[in-house]
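Student: I would like to learn how to read salt bridges and helix packing in a model. Please take me through the terms as they come up.

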Amino acid sequence: MTSFDSSPTLNAWRALLALAVVFVLLATTGWTAIRHHNGDSDLRGASLAAWARDRVDGRALPAAGSAPERLARFFAELTASQRARLVDRHPLVVGNLNGVPLTLRYRANHLALTQARAVERERMHDERLTPAGRQTAGRRMHRFASLMGEGRQILAFDPDGSGRVAEVFGDLGRAERVSVVVPGVDTNVVNFERTRRKYTAPVGMAKSLYAAERAASPRTRTAVIAWADYTSPVGVGMDAAIGRLARDGSKRLGSLVRALPGDSKVSLFCHSYGSVVCGVAAGALPSRVSDIAVAGSPGMRVESAKELGTGARVWAARDRDDWIQDVPYLEVGGLGHGADPMTPEFGARVVSAAGAVGHTGYFEPGTESLSNFAGIGVGSYSTVSCAGGDGACRSGISGAEAN
C-alpha cells in the first residue's frame, strides 16, 4: 500500500504548489511586466512579402529563410550596385539575413531604424492612440534614434511587437573570440539600453564585458554581441515558467552562431531566462561554441550539464543576494526549468560572483563575475576564480591560455 506522504499524486501537488511560489516570488521581487507595444501594422511581414516578389535584374531572390551559406553565395555573386539596391529596397529583410556581409547588414539596419523612427514620430501625435500609447511611441522613437548613432553596429532589428535587436561591439569580422550576451525576461527594444542601471540592460552588459575582455587580453581580437534578437517572456506569467519562447529563441541563437564569420571561438553568457534559451540551444550548437556561462539561472531545462549534449564547457555563477536561488528548481509537466546549475550534482564549473549584488549585478565593473566572464571569453581560464576559493572549476583545463 502506498503511503500518503510519498504518493505520486501528493508529490505532484507539492511540485505545482512550489511552482506557484515562483509566481508569488517574482511578483514581490521586481520582475514586473513591461507590456508589449502592438502597432497597427506588421512591418516585417510586409517587408518579407515584398522581398519574395522582387527580382534583381530578372533574377529571383532566395527565400529569406534560406541557409546562411546560400545567402552568402547569393550576395557574393551580386555586383556592388545590385547589393546596394537590395539594401535600399528591403532594409528590414537584408538587415536580418544571416550570411549577408556585416557591412550590408549594418547599413540596412540603419535604414530600417530610420523608417521605424519616422513611423513612431507620427504615432506620437496620433489622437487615435491613448496617452499611454503616444508615450510608448515616443520612447520607441527616441530609442531608435539612439540606435542610429554614429559608429553603432546593429546586427539585427525588427520593430514589430515589443521589438528585437542585436548590436556588435568590436570588429566581428576579424575577431578571434566572440562573446554573445543572451538576456532574460522583459527584454525589448526600449530597454535594450538604459541610462540608469545601465549594466542591467543588454547594451550595458555587452559593453562592460567587451571592456573587461580587452583589459584581460589586449592582444586578443574580441567582439561582443548584445543579442536581444528573440522574444522574451513579459513579466510574471506562464511564459516565464515554460520553455516555449526558449525553444523559439534557441533556434534564432543557433542560426546566429552558425552564420558568424570566420572561425572564431564563441562563448555564450546567458542571464536569467537567457540561460533557459542557451540550455535548449546547447545540443544543436556548432563545435565552435567553446563555453556556455549562465548567471542567475532558473535552470537550463535539464538535470545535469551532461544532458545538454554539448562539448562546450559549462560555467555557472550566482551571487548570495540573488533571489533566483529561492525559486524551486524542478520541472513538472513542462512547468519549471529543471535542476539548479549551481549544485555539484549538475556538474557545471561554478565560478565566483563576489561583488555582484542582486539578480542583475553580474556585469557590473569590479565584480568577480565580470572578470571571470572576461577570462572565459578570451580563453584565459587560469585567471578564472572558482566559487569557494579552490581551483575545482578549472579542473581538466590545461595551460594558462587553454583553448
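Tutor: Start with burial: a residue is buried under 20% relative accessible area, exposed over 50%, and partly exposed in between, with a 1.4 Å probe and protein chains only. This is a predicted model, where local features need pLDDT of at least 70, side-chain atom pairs count only at pLDDT 80 or more, and totals for chains, interfaces and linings use all residues. Residues are numbered from 1 along each chain as its sequence is written, and side-chain values use heavy atoms, with hydrogens and water left out.

Student: What is a salt bridge, and how many does the structure hold?

Tutor: Side chains of opposite charge can pair when their charged atoms come close. The term needs a side-chain nitrogen of Lys or Arg within 4 Å of a carboxyl oxygen of Asp or Glu. The structure holds 16 salt bridges. One of them joins the side chains of aspartate 158 and arginine 164, at 3.3 Å from N to O.

Student: Are aspartate 158 and arginine 164 buried or exposed?

Tutor: Both aspartate 158 and arginine 164 are buried.

Student: Which residue meets arginine 313 in a salt bridge?

Tutor: Aspartate 291 does, at 3.0 Å from N to O. Strands are DSSP runs (E, at least two residues), as helices are (H or I, at least four), numbered from the N terminus. Arginine 313 lies in strand S9 (residues 313-317) and aspartate 291 in strand S8 (residues 289-295), so the pair ties together parts 22 residues apart in sequence. Arginine 313 and aspartate 291 are both buried.

Student: Which residues are linked in a network of salt bridges?

Tutor: Arg143, Arg152, Glu167 and Glu193 are.

Student: How do I read two packed helices?

Tutor: Two packed helices are described by the angle between their axes and the distance between the axes. Axes are lines fitted to C-alpha atoms, for helices over the stretch in contact, and angles run from 0 to 180 degrees between N-to-C directions. Here the axes of helix H6 (residues 102-123) and helix H7 (residues 131-147) come within 8 Å and cross at roughly 155°. H6 is therefore roughly antiparallel to H7 (under 35 degrees is roughly parallel, over 145 roughly antiparallel, 65 to 115 roughly perpendicular, the rest oblique).
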